[in-house]
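Welcome! Here is a short tour of one structure, taken topic by topic. Have a look at the model first, and then we can walk through the ligand site, a sheet and a helix.

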Amino acid sequence: MKIGDVTTMEIVNQVAIVQTDAPPVNALAAPVRAGLVTALQSAIADPSVHAIVLSCAGRTFHAGADITELSTGPVSPTLGELLALLEQCPKPVVAALHGTTLGGGLELALTAHYRIAAEDARVGLPEVQLGLIPGAGGTQRLPRVCGVGPALDIITSGRHVNAGEALTLGIVDRLVPAASLAAAAREWAHELIATGAPCRRVSERAIEGTRDAQHAVISAFTAAQGKAFSRLHAPAAAIRAVQAAVDQPFAAGLASERAEFVKLLQDPQSRALRHLFFAERALSKSRFISKEAAPLPIHRVGVVGAGTMGGGIAMNFLNAGIPVHLVEVSAEALERGLSVIRRNYASSAAKGKLTAEAVTTRLGLLASSTDLASLSDCDLVIEAIYENMDAKLELFGRLDGLVKPSAILASNTSYLDIERMGQATRRPQQVLGLHFFSPANVNRLLEVVRTASASSETLATGLAVAKRIRKLGVLVGNAHGFVGNRMLAQRQREADKLILEGALPWDVDRVLETFGLPMGPFRMRDLAGMDIGWNRTASASSTVREILCEQGRLGQKTKSGYYDYDESRRATPSTVAERIVLDFAAEHGYVRRPISDEEILERCLYPMVNEGARILAEGIAERASDIDMVWTTGYGWPVWTGGPMHWADQVGLAHIVERLRHYESLYGADFVPSEHLQRIAAAGGSLG
Ligand code: COA
C-alpha cells in the first residue's frame with residue numbers, strides 16, 4: 001500500500017512493514033515524516049497489525065534530519081511529533097538499520113522499541129559537525145542505552161560507530177548479514193508477537209550507574225577535553241544536554257536539549273558549519289566537467305622526485321593500495337627519499353597507527369629506479385621536482401615520449417604555469433596540476449589545476465584520484481599560486497610589512513591565532529623552513545627573512561628562526577630575531593609606531609578576501625565556497641567562521657571595502673578594492 005510519495009506499508013502476517021524510499025539518503029524531510037506518521041497511525045488503528053517494522057529502501061536507513069530544512073524552520077509534523085507518536089505506539093516497533101543511520105535517523109531508531117542492524121551498518125550523531133546537537137532526544141536516549149561515558153564520546157565527536165561496537169554498547173540489539181536484514185526484522189517482529197514482548201521504551205530506562213558516578217564521568221570527560229572544544233559551542237552544549245539527562249526526568253531533559261538545540265540553530269557557528277557541509281558536496285560538480293566524462297582507471301602511479309613532497313605524494317597512493325613507481329635522478333637521492341618513507345611508516349607503526357603487516361603491504365607496492373623509462377606502464381605520472389620551469393618543461397617533453405598514450409601527466413608545482421607544461425607535450429589535453437599541500441601525506445587538500453586544454457576526462461580523473469586517496473579535491477584555474485597560495489601571498493606581504501612598521505612577529509602570530517588559525521605566519525615560516533625558496537648565492541640581506549637565513553636561523557630545524565625552540569619544540573620569542581627586525585626597520589627608514597590588534601587582523605585578512613573576490617571574478621575558483629574549502633581544509637582557517645569568503649559575508653562586504661579604502665589612503669595600492677568586491681558590496685550582495 002502506498003502512503004504519500006515516499007512511504008509504503010505492507011501487512012504480512014500481523015506485521016506492518018513500513019518502508020521509506022527517499023533518495024539519496026532518506027533524510028527525514030517533511031514528506032518522509034508525514035509518510036511515517038500516516039503509516040504509524042494506520043498501523044496502530046488496524047486491528048490485524050500486532051507489530052511494526054520500520055525500514056528504508058536504497059543505500060541507507062535515515063541518514064539524518066534534512067539539513068536544508070534547518071535554515072527554513074520546522075514544518076509539521078516535526079521530528080519531535082513523529083517520535084512522540086512512535087514512542088507511545090502500543091504495538092512493538094522494530095527499526096531495521098542499514099547504511100549510515102545518523103542524526104535524526106538514529107534518534108528515530110532509539111525511539112523505536114527494538115533495533116536490528118546489518119553487520120556493515122554504521123550509526124552516529126554527527127550534529128556537532130554542523131555546530132548543533134541532536135534535537136530530538138538523542139542526548140537523552142543514548143546515555144540510557146549505552147551509559148554516560150560512551151554517549152558523551154559519540155555525541156561530542158560525531159563519529160560513526162560501526163555495527164559491532166553499536167551491538168557491544170547496546171545501541172542495537174541484533175546484527176545480521178545485510179542480505180537478510182529485511183527477513184530477520186520481520187521474523188523478529190513475529191517473535192515479539194509470539195512472546196507477547198512489551199513495547200520497550202528507552203525513555204523509561206534508568207541510566208547506568210549512580211548519580212555520583214555519572215557526574216564523575218561527565219567531570220572527567222569535560223576536563224580531558226582541554227582546549228579541544230574551546231572555540232566550538234556545540235560540544236559544550238552537548239555535555240550540558242547529557243548532564244540534563246542525568247539530572248532531570250526524561251521529559252524535562254528533552255526540553256533542556258531542545259532549548260540548547262534551538263539556541264545553536266541560530267548561532268553563526270552552525271550556519272558556517274552547514275555552509276561547509278554543502279560546500280564540500282558541491283566540489284564534485286563543475287561546469288568544466290561534462291556529465292558524460294568518466295574518470296580514467298588508475299592502476300599504477302609514477303612519481304618523479306623523491307624529495308619531501310614526492311615521498312609524501314607516493315605515500316598517499318601506497319596507503320590507498322595503489323602501486324607507485326618512484327624515480328629520482330641519482331641513486332643517493334632516491335635512497336634518501338626511500339629511507340624517509342620507510343622511517344615515516346616505521347614511526348606510524350611504533351605509534352600503533354599501522355600494523356606491521358600494513359607497513360609491509362604498503363612498502364610492497366613501492367618500486368623505484370633512476371630511470372624515467374620505468375614509468376612506461378603508469379596511468380598517471382606526477383612530477384614533484386624542484387620549482388624550475390625549464391627543468392619541468394624538459395621533463396614533461398621526455399615523459400611524453402616515454403609513457404603510454406593514455407597516461408595522464410600531472411605537475412605538483414605550487415605556482416608555475418601548467419598550460420605551458422602541457423604545451424611541451426603532444427597530449428596537452430591529458431596534463432593537469434595536482435597540487436598537494438605539505439605535509440603531503442597528511443594535509444587533506446588537493447588543488448586539481450585545470451588548464452584550458454585539459455579534457456573533461458582528465459579533470460574527472462583528477463577529482464576521482466583525490467577521492468581515492470582520501471583528499472579533498474578542489475578544482476581550480478591555472479593562475480600563479482592557484483587559489484590557496486595566491487591568497488596566502490596577500491597575508492604574508494602584510495605580515496612582513498607590519499613587523500617593520502611597528503609590530504613584532506609574535507604580535508602578528510598572536511592576533512591571527514586568537515582569530516582561530518592554528519599558527520600565525522611567522523610560526524608557520526619557522527615550521528616550514530625559512531629557507532624555502534631562499535637562494536644562498538643571490539641572498540643580499542634585502543629582507544628580514546634573508547638575514548635570518550644568512551645567519552643560519554632557518555626555523556624549527558635549526559631550533560632558531562623568529563622564535564627560539566627548546567628540545568620539545570616550545571617556542572619563545574627570540575631577542576636575536578627582534579634585534580634583526582628593529583635594525584632592519586631603522587636602516588630602511590621606518591618610524592616604528594604602535595599597531596593595534598585590529599589593524600593587524602584587518603590588514604592580514606581583508607586583502608585575502610579582496611584577492612578571493614578577484615579569483616572569483618577571473619573564474620579561477622568556480623564558487624566562493626570552493627575557496628572556503630581550500631582554506632579550511634588546507635590552511636587550518638577556523639571552520640566555525642565558514643572559511644574566508646563566508647566570513648567576509650558575515651563581516652559585511654561594504655565594511656570590508658570601506659576598510660580597504662581606509663588602508664589604501666594610508667598605505668597605497670596593495671589595498672585597492674577589486675572591482676568585483678566593490679560591485680557586490682555596492683549592491684548589498686554576498687560572495688557566497
Ligand atoms: N540532509 C539533506 N541532504 C543530505 C543529508 C541530510 N541529512 N545527508 C546527505 N545529503 C545529501 C548531500 O547533500 C548529497 O546531495 P547532492 O548529491 O545533491 O550533493 C547527497 O545527499 C549524498 O550525500 P554524500 O555526502 O555525497 O554521500 P555519501 O554517500 O558520501 O555520504 C552520508 C552519505 C549520509 C554519510 C553523508 O551525506 C552525511 O554524513 N550526511 C550528513 C548526516 C548528518 O549530519 N545528519 C545529521 C543531520 S542533523
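In this predicted model, 19 residues surround the ligand, and the closest are R59, A65, I67, R281 and K285.

**Ligand site**
- The backbone takes part through A65, which has a polar backbone atom 2.8 Å from a nitrogen atom of the ligand.
- An N or O atom in the side chain of R281 is 2.6 Å from an oxygen atom of the ligand.
- For K285, an N or O atom of the side chain is 2.7 Å from an oxygen atom of the ligand.

**A three-stranded sheet**
- The order β6-β8-β9 describes an open sheet of three strands with mixed pairing.
- Both β6 (100–102) and β9 (161–162) are edge strands with a single partner each, so one side of each has no neighbour in the sheet.
- β6 and β8 (residues 122–124) run parallel and are joined by three bridges; L102 has G124 in β8 as its bridge partner.
- Across β6 and β8 lies helix α3 (residues 104–111), at about 85 degrees to β6.

**Helix α20**
- Which residues of helix α20 (residues 521–528) are buried? They are P521, F522, R525 and D526.
- These residues sit on the same side of α20 because they cover an arc of only 140 degrees around the axis.
- Their packing partners are α18 (484–501), α19 (505–515), α21 (544–550) and β19 (563–565).
- After α20 comes G529, with a positive phi near 110 degrees.

How values were computed. Residues are numbered from 1 along each chain as its sequence is written. This is a predicted model: local features need pLDDT of at least 70, side-chain atom pairs count only at pLDDT 80 or more; totals for chains, interfaces and linings use all residues. Side-chain values use heavy atoms; hydrogens and water are left out. Buried means under 20% relative accessible area, exposed over 50%, partly exposed in between (1.4 Å probe, protein chains only). Helices (H or I, at least four residues) and strands (E, at least two) are DSSP runs, numbered from the N terminus. The arc is that of the directions from the helix axis to the C-beta atoms. Contact means heavy atoms within 4.5 Å. Two strands pair if DSSP finds at least two bridges between them. Axes are lines fitted to C-alpha atoms, for helices over the stretch in contact, and angles run from 0 to 180 degrees between N-to-C directions. A residue is near a molecule or strand if one of its heavy atoms lies within 4 Å of it. A polar contact is a pair of N or O atoms within 3.5 Å; within protein, one must be able to donate a hydrogen and the other to accept it, and residues adjacent in sequence count only if both atoms are side-chain atoms.
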